[in-house]
Amino acid sequence: MEASALVYVILTVTTVFLGMFVRNRAYYPVALRGGRLFGESPGCDRQRARNRVAVFAVYCLLTGVSACRIAVGNDYWVYTQNFELISQERHVSSEMGFNAIVRFFQLVFDKGKVQYVSIFAFFSVITVFFFVKALCDQSGSFAFSLFLLLTGGYYFNSLNSVRYYFALAVALFSMKYVLRGEYGKFILQVLAGALIHKSILLVVPVYLLARFLAAARLKCWHYIVGGVFLCSLVFCQSLYREIIFWFYPFYRDSAFDNGQLSKANILKCVCVLILCLICYRQSLREDLQKRFYFFLNLFGLTVYCCGSFIPETSRIGYYMIVAQVFLLPELLWEMKKGWFRSLCHVGVAGAFCAYFVFLLKGMYATDIRLLPYLNWIFN
């Protein structure tokens, strides 16, 4: 790996270190429940002030690296070409909300480099905001969740596929509304995200179903319905494909329609499932929040194992398995202190570090191109 890869490594180490100053366990349940001041109790004690400073520093560093990039990502120049088509009022496949934002920046800035750099910077600012705000509101172990978000590739891949990862950040943020039972806010949030990338509409039935199952005492008919659905993924693939291509006709027979399985994500989901089964009686059985994340991980495993016929399967699954950034820290936190808990911590951290190394090596691929990292300040 060349020197520019150190930007991502240093960013990860620095932000996780800053995240360690965030002591959020006493505050995040209030934010998750909601209430006065959008989930925060009035006043600001010393620890909360430290939290805000550290979180703001993390946000600035993540936003800075993302917003200052140039020619990073395999679709960077594709987007710039689409900006030109939008300015000419020609047809593009992106959603109306995204097109409207592009037109606004085209009115504000002159045509050229400043214009498209400002558009990418805008989406960096709001995407990172939703990622970081979600961690603040839904995780009692901010630094660990941030570590999983970074080494799991969700943040770094947001430098590519701008619209999709904005939608993913919105979906992650919207989970708290599902847990609160504020379904109106949840649906409005998703509809707003769908103006940028309509694939986020998938999370409405998926998240609501996960919430229902998390709150229910599973009975025989639940398992029967689940079995029927799994069978439909095997025997009704053509029907599902027609539904998908109705929304995304340009995916039919494209490079994304390749039927590949993501072995890494399958392994990740299986390992998380095993950890959930180990911790089931101790912390998972009666906890609505963790059960919700558990079912999302289970849905993600189903998609990766049975959904190879879906174009861009990984992106569909990410809407579900991104909940691991909340689930894993909570499971590990509530384990009894001892050698087994330490072993699980080391195992999870080591596995995600190894995944991050393979992720960095793959960033040079022509269909990813997140490395070398270039920015408009020094390049």
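The model is predicted: local features need pLDDT of at least 70, side-chain atom pairs count only at pLDDT 80 or more, and totals for chains, interfaces and linings use all residues. Residues are numbered from 1 along each chain as its sequence is written, and side-chain values use heavy atoms, with hydrogens and water left out.

Two packed helices are described by the angle between their axes and the distance between the axes. Helix 6 spans residues 96–108 and helix 7 spans residues 113–138. Helices (H or I, at least four residues) and strands (E, at least two) are DSSP runs, numbered from the N terminus. The axes of helix 6 and helix 7 cross at roughly 135° and come within 9 Å. Axes here are lines fitted to C-alpha atoms, for helices over the stretch in contact, and angles run from 0 to 180 degrees between N-to-C directions. The crossing of helix 6 past helix 7 is right-handed. A crossing is right-handed if the near helix is turned clockwise from the far one by less than a right angle, and left-handed if anticlockwise.

On the helix 6 side, the residues that meet helix 7 are Phe-98, Ile-101, Val-102, Phe-105 and Gln-106. Their partners in helix 7 are Gln-115, Ser-118, Ile-119, Phe-122 and Phe-123. Contact means heavy atoms within 4.5 Å. By class, the contact of helix 6 with helix 7 holds seven nonpolar, three polar and no charged residues. Ala, Val, Leu, Ile, Met, Phe, Trp, Tyr, Cys and Pro count as nonpolar, Asp, Glu, Lys and Arg as charged, and the others, Gly among them, as polar.

Helix 7 also holds Asp-137. Asp-137 is buried, at 4% relative accessibility. Buried means under 20% relative accessible area, exposed over 50%, and partly exposed in between (1.4 Å probe, protein chains only). Neighbours within four places in sequence aside, Asp-137 is in contact with Tyr-28, Ala-31, Leu-32, Phe-173 and Lys-176.

Helix 19 (residues 324–333) packs with helix 20 at an angle of about 160°, and their axes are 10 Å apart. Helix 19 is therefore roughly antiparallel to helix 20. The crossing of helix 19 past helix 20 is left-handed. Helix 19 contributes Gln-324, Leu-328, Leu-332 and Trp-333 to the contact. These residues meet Arg-341, Cys-344, His-345, Val-348 and Phe-352 in helix 20. The classes in this contact of helix 19 with helix 20 are six nonpolar, two polar and one charged.

Ser-342 is also in helix 20, which runs over residues 339–362. Ser-342 is partly exposed, with 43% relative accessibility. Ser-342 and Leu-332 are ten residues apart along the chain, and their C-alpha atoms are separated by 8.9 Å. In the segment after helix 20 lies Pro-372. The peptide bond from Leu-371 to Pro-372 is cis, with omega near 0°.

Cysteine pairing was searched over the whole structure, and zero disulfides were found. A disulfide is a pair of cysteine sulfur atoms within 2.5 Å. Cys-269 is in no disulfide, and the nearest cysteine sulfur, that of Cys-305, is 7.8 Å away. Cys-269 is buried, at a relative accessible area of 0%. For Cys-305, the closest cysteine sulfur is in Cys-306, at 5.8 Å, too far for a bond. Cys-305 is partly exposed, with 41% relative accessibility.

Ala-71 has phi near 60°, a positive value in a residue other than glycine. Ala-71 lies in the loop between helix 4 (46–67) and helix 5 (76–87). Its relative accessible area is 27%, so Ala-71 is partly exposed. Glu-89 likewise is a residue other than glycine with a positive phi, near 60°. Glu-89 sits in the loop between helix 5 and helix 6. Glu-89 is exposed, at 69% relative accessibility.

Thr-14 is partly exposed, at 32% relative accessibility. Thr-14 and Leu-195 are 181 residues apart along the chain, and 34 Å separates their C-alpha atoms.

How values were computed:
Angles under 35 degrees count as roughly parallel, over 145 as roughly antiparallel, 65 to 115 as roughly perpendicular and the rest as oblique.
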